[in-house]
Amino acid sequence: MKQKWMGASLALASIGLLVGPLQGAEAATPKIKVHYIDVGQGDAIYIKMPSGEDIVIDGGNKGKGDELVTYLKKQKVGDIEVLISTHPDADHIGGLDEVLDSFKVKSVYAPKVKHTTQAYKDFLLAVKREKLTIKTAKAGVSLPVKGGVKAQFVGPVKEYAKSDLNNWSAVLHVAYKKNTFLFTGDAELKSEQDMIAKKKTLRADVLKVGHHGAKTSTSATFLKYVKPKYAVISVGKNAYGHPTKEVVTNLKRAKATMLRTDKSGTIVFEGNGSSYTIKKSK
């Protein structure tokens, strides 16, 4: 009888040894986390890469910098490897000067187009204070990230009129194994058509909808190439009618699950390379 109990104990010990390492491996599985931060009418996105690198895309409107800095500090961001200004519009670039003043930033990317607003000037001054040089964000440029992630700009594929700021938007495609994301800034129909014509990699599970859902972006044709399972609309109270009925209809026909920051607050996608979990702040 005693021998039987010893045998059972040894068997349990063996199971324990087997289960332990598997649980540890599961806990240590690298993940990508993408935060679509609720900054009202504007864009602000934070990506925690599987290797631990931090990327910030846009900073919301002027006056939202403090909120963004507070949010990033709550995520225990120490320094930022890559900061991207998709384009110089105030509702994207407004808070980035405060981010630059609050964190050590290694690289700044922006499209090669200028603006005359105070928000843009403040951004440039902050970059200068950090003694950084802005790297050009354009199609074909890859970000120096690790951990099996491929992050490459797929737009803009060409230069547009200086007044056509939205189509200058830096469009970033990120792929971690089977997890795929497309960040479009305010890219409009011309940019979408040009990316399609140049056969850029657009397929993505999660699409950051262009220009807060304005009807000048997110065409049905563009959605046929992206094939999004989820569509995130960064939007707040606005007088423009964003998101428009046209875009909502296009997304429904594409069978994409819509998520809006004005209704769900900050939205966080966590990917393990094959599937996602989604968290909302409200």
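Good morning, colleagues. The model is predicted, so local features are taken at pLDDT of at least 70 and side-chain atom pairs only at pLDDT 80 or more, while totals for chains, interfaces and linings use all residues. Residues are numbered from 1 along each chain as its sequence is written, and side-chain values use heavy atoms, with hydrogens and water left out.

Let me begin with the sheet. It is an open sheet of 8 strands in the order β6-β5-β4-β3-β2-β1-β13-β14, and its pairing is mixed. The edge strands are β6 (134–136) and β14, each of which pairs on one side only. Direction ignored, neighbouring strands of this sheet are turned by 20° against each other on average. The names follow DSSP runs, numbered from the N terminus: helices are H or I runs of at least four residues, and strands are E runs of at least two. Two strands count as paired if DSSP finds at least two bridges between them. As background, strands of a sheet pair through backbone hydrogen bonds, either parallel or antiparallel.

Both arrangements can be illustrated here. Strand β4 (residues 79–84) and strand β5 (residues 104–110) run parallel and are joined by 5 bridges; Val 82 has Ser 107 in β5 as its bridge partner. Strand β1 (residues 32–36) runs antiparallel to β13, again with 5 bridges, and Lys 33 stands opposite Glu 270 in β13.

How many of the residues of strand β13 (residues 267–271) are buried? The count is 5 of 5, where buried means under 20% relative accessible area, exposed means over 50%, and partly exposed lies in between, with a 1.4 Å probe and protein chains only. In a regular strand the side chains alternate between the two faces of the sheet. In β13, Ile 267, Phe 269 and Gly 271 are buried on one side, and Val 268 and Glu 270 are buried on the other. On to its other neighbour: 5 bridges join β13 to strand β14 (residues 276–280), and these two run antiparallel. Gly 271 stands opposite Tyr 276 in β14. The two strands form a hairpin with 4 residues between them, and Gly 273 in the turn has a positive phi of about 105°.

Next, the helices on the sheet. Helix α2 (residues 65–74) lies across β1, β2 (44–48), β3 (54–59), β4 and β13, and runs at about 165° to β3. Helix α5 (residues 118–129) also packs on the sheet, where it touches β4, β5 and β6, and its direction makes about 115° with that of β6. Contact here means heavy atoms within 4.5 Å. Axes are lines fitted to C-alpha atoms, for helices over the stretch in contact, and angles run from 0 to 180 degrees between N-to-C directions.

I turn now to helix α8 (residues 245–253). Its buried residues are Val 247, Val 248, Asn 250 and Leu 251. Why do they lie on the same side of α8? They do so because they cover an arc of only 160° around the axis, the arc being that of the directions from the helix axis to the C-beta atoms. These buried residues pack against α7 (220–226), β11 (230–233) and β12 (257–260). The face turned away from them carries the exposed residues Lys 245, Lys 252 and Arg 253.

Some backbone details deserve attention. Most residues other than glycine have a negative phi, and most peptide bonds are trans. Lys 255, however, has a positive phi of about 60° although it is not a glycine, and it sits in the loop between α8 and β12. Lys 255 counts as exposed, because its relative accessibility is 71%. His 211 likewise has a positive phi, of about 55°, and lies in the loop between β10 (206–208) and α7. With 16% relative accessibility, His 211 counts as buried. There are cis peptide bonds as well: one joins Gly 155 and Pro 156, with omega about 0°, and another joins His 242 and Pro 243, with omega about -5°. Pro 156 is in the loop between β7 (149–155) and β8 (171–176), and Pro 243 is in the loop between β11 and α8.

The structure holds 2 cavities of 30 Å³ or more. A cavity is a set of points, on a 1 Å grid over the protein atoms alone, where a 1.4 Å probe fits but cannot get out; lining residues have an atom within 4 Å of a point. Grid points are joined across faces, edges and corners, and a volume is the space filled by probe spheres set on the points. The largest cavity has a volume of about 40 Å³. Its lining includes Thr 184, Glu 192, Met 195 and Phe 222. Thank you.

Notes:
On a 1 Å grid over the protein atoms alone, a cavity is a set of points where a 1.4 Å probe fits but cannot get out, and a pocket is an open set with protein on both sides within 12 Å along at least five of seven lines; lining residues have an atom within 4 Å of a point.
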